[in-house]
Amino acid sequence: MTDQFPVLQIDGLSAGYGPMRVIHDLDLVVSAGEKVGLVGLNGHGKSTLFLAIAGLTHWQRGSIKLNEKQIGRNRSQGPGRYTHQIVHHGLSLIPQGDEIFQGLTVKDHLDSGAYTKSAWRNRAGRRKEILQIFPALEQLMDTSVGRLSGGERRMVAIGRGLMAKASLYLVDEPTLGLAPKLGKGVLEALFDIELGESAMVIAEQNVALLDGRVDRIIGMHVGKLKGEAAASLAYQTKREI
Amino acid sequence: MDWSYVIINAIVLACIYGTLAIGVSITWSSLGLINMSFGFIFSFAGYGAWLVAQHISHNGVVILASGILTGALGGVIVCALAFIPLHDKPNFTIRGMIATLAISLFGTQALLWYFGPRVKNIPPVFGYGSIKVFGSTMTYDKVGAVLTSILMLTAVLLWMKSSRRGLEIRAMMQNPHAASIVGIGVRRTGFYVMAITGGLAGLASVLLSQTYYLQAFGGITPMIKGLSVALCGGLGSVTGVVIAAVILGINEAMTSRFWGGQYVLITQFGLIILILLIRPRGIAGILDKAREA
């Protein structure tokens, strides 16, 4: 993996909300073609790390490079002001709690994820590919998302994130709030995605679910990364955390 | 008893108020901005149409188009002055409302200073003449007002349903935070929204100028009516706005026919208060935190 060029390169990132600092001076490199598991307890900054990469925290400083392009700004206000630009550089954030558009149909929803010009022009084809990953969405295409069940919503949210060919996918707790069987299905679908030159970071609390399916696992503890482990060492990592 | 006359008037008023109110409603639900400068955009567009009528052409289509375009320009100006600098600051709703109110006062004074206090007259856009509808005469300007506003509204709604920008606006109406996550620029979408709603205000301005004279402060009453129709229908709901516009249009036509024009505002606001007492979120309004389809 080391000879691959880095899709994401974070140096000395700190971020937080108001007076609170959640991420402490964090460094992270994710290479192309890599699937990384990010594990850690609630409230230790997994989601905040993702939000900081997307420019959605209240303030942040440090360097974040996406495809060698600086997307981390030292900023103290304006959460979300640059998010759409960062997304256009090739970030796809699949946020915790889905962040869906309740009144839009599943079809509209998937279309809204196709933010690049080529993805938008080819949106019908992209939708078909998403349907291959989540066949259950097929009959729901014209249903408004507000009427879907939790598992279906999660599929829609993930499908929306996959509509454009991003170079970095950040998936925040894909199994959260789902029945174990459903959650496992969603994760399986994520693992089966052919990444090519892209990379994927999956934040997950349940290390056992990631076991053997990701390239490496990183632990997160009070805003810092704690140790790395090859995926086969997942159980050991779990005990250390 | 002249029922067909009342009904025709009600339809005409409903179309004009609906045009304004849908603008107010879309602005509020997608940008979170209560646009108090609609009155200014309204008169601004009116004067734009008047200038074109004076210096370039008396052609109805040209006058209508110039009104819509100056309205859109006014919307873009308001967006640049009020929405762009304020939208990510705390208390945006209140600040935005005050900023747009300030723009409205400032702008209408500027119009008054530049064009003078004498009322202006926009030449008839739809020509003179009338046709018989339901046994009562309907002048061309009324027919034209109904047709153009319905056409324009249908076009805007279709555009919002089918185009990419429309999808962006609808996504932002539902969940601005998620919209930025899927790469929708809040500022750019803000310009689209304000240009379109400004264009709708411009259209309403030219249509109303067929009945009333054009003056700098002439936009205030239509704006208040547009706002209250939007509130009454439920902010963010197009269906609600249409229903509310029809109800208030009927009310206005009936009141001015049977009691006299000076009582219109009284009955109108009485009715609005009544509707909001019974249904605080408006006729078809969606609850803010539980926006289900």
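Colleague: Let us start with B:Ile184: is B:Ile184 buried or exposed?

Modeller: The general idea is a neighbour count: a residue is buried if 20 or more other C-beta atoms lie within 10 Å of its own, exposed if 12 or fewer, and partly exposed in between, with C-beta atoms placed from the backbone. B:Ile184 is buried because 22 other C-beta atoms lie within 10 Å. Bear in mind that this is a predicted model, where local features need pLDDT of at least 70, side-chain atom pairs count only at pLDDT 80 or more, and totals for chains, interfaces and linings use all residues. As for names, residues are numbered from 1 along each chain as its sequence is written, while chains are lettered from A and ligands numbered from 1 in the order in which they are written.

Colleague: Where does B:Ile184 lie, and which residues does B:Ile184 touch?

Modeller: Helices (H or I, at least four residues) and strands (E, at least two) are DSSP runs, numbered from the N terminus. B:Ile184 sits in the loop between helix H7 (176-181) and helix H8 (186-208) of chain B. For touching, the rule is that two residues are in contact if their C-beta atoms, placed from the backbone, lie within 7 Å. Leaving out residues up to four places away in sequence, B:Ile184 touches A:His84, B:Glu168, B:Ala171, B:Met172, B:Ala179 and B:Thr189. From C-alpha to C-alpha, B:Ile184 is 8.9 Å from B:Ile169, and the two are 15 residues apart in sequence.

Colleague: Next, helix packing. At what angle do H6(B) and H8(B) pack?

Modeller: Axes are lines fitted to C-alpha atoms, for helices over the stretch in contact, and angles run from 0 to 180 degrees between N-to-C directions. Angles under 35 degrees count as roughly parallel, over 145 as roughly antiparallel, 65 to 115 as roughly perpendicular and the rest as oblique. Helix H6 (residues 164-174) of chain B packs on H8(B) at about 105 degrees, with the axes 10 Å apart. That makes H6(B) roughly perpendicular to H8(B). B:Arg165, B:Glu168, B:Ile169 and B:Met172 in H6(B) meet B:Thr189, B:Tyr192 and B:Val193 in H8(B). By class, this contact has four nonpolar, one polar and two charged residues.

Colleague: And how do H5(B) and H8(B) cross?

Modeller: The axes of helix H5 (residues 140-162) of chain B and H8(B) come within 10 Å and cross at roughly 175 degrees, so H5(B) and H8(B) are roughly antiparallel. Among the residues that meet are B:Met152 and B:Val156 in H5(B) and B:Leu200 and B:Leu203 in H8(B). The contact of H5(B) with H8(B) has seven nonpolar, two polar and no charged residues.

Colleague: Now strands. With which strands does S7(A) pair?

Modeller: Two strands pair if DSSP finds at least two bridges between them. Strand S7 (residues 168-172) of chain A runs parallel to strand S6 (residues 91-94) of chain A, over four bridges, and five bridges join S7(A) to strand S8 (residues 199-204) of chain A, also in the parallel sense. A:Leu93 has A:Leu170 as its bridge partner, and A:Tyr169 stands opposite A:Met200.

Colleague: How many residues of S7(A) are buried?

Modeller: Five of its five residues are buried. A:Leu168, A:Leu170 and A:Asp172 lie on one side, with A:Tyr169 and A:Val171 on the other.

Colleague: Which strands make up the open sheet?

Modeller: Four strands of chain A form it in the order S2-S1-S4-S5, with antiparallel pairing. Strand S2 (20-31) and strand S5 (69-70) are the edge strands, each pairing on one side only.

Colleague: What stands out in the loop between S4 and S5 of chain A?

Modeller: A:Asn67 lies in that loop, with phi near 50 degrees, a positive value in a residue other than glycine. A:Asn67 is partly exposed, with 17 other C-beta atoms within 10 Å, whereas A:Glu68 is exposed, with 9.

How values were computed:
Nonpolar A, V, L, I, M, F, W, Y, C, P; charged D, E, K, R; others polar.
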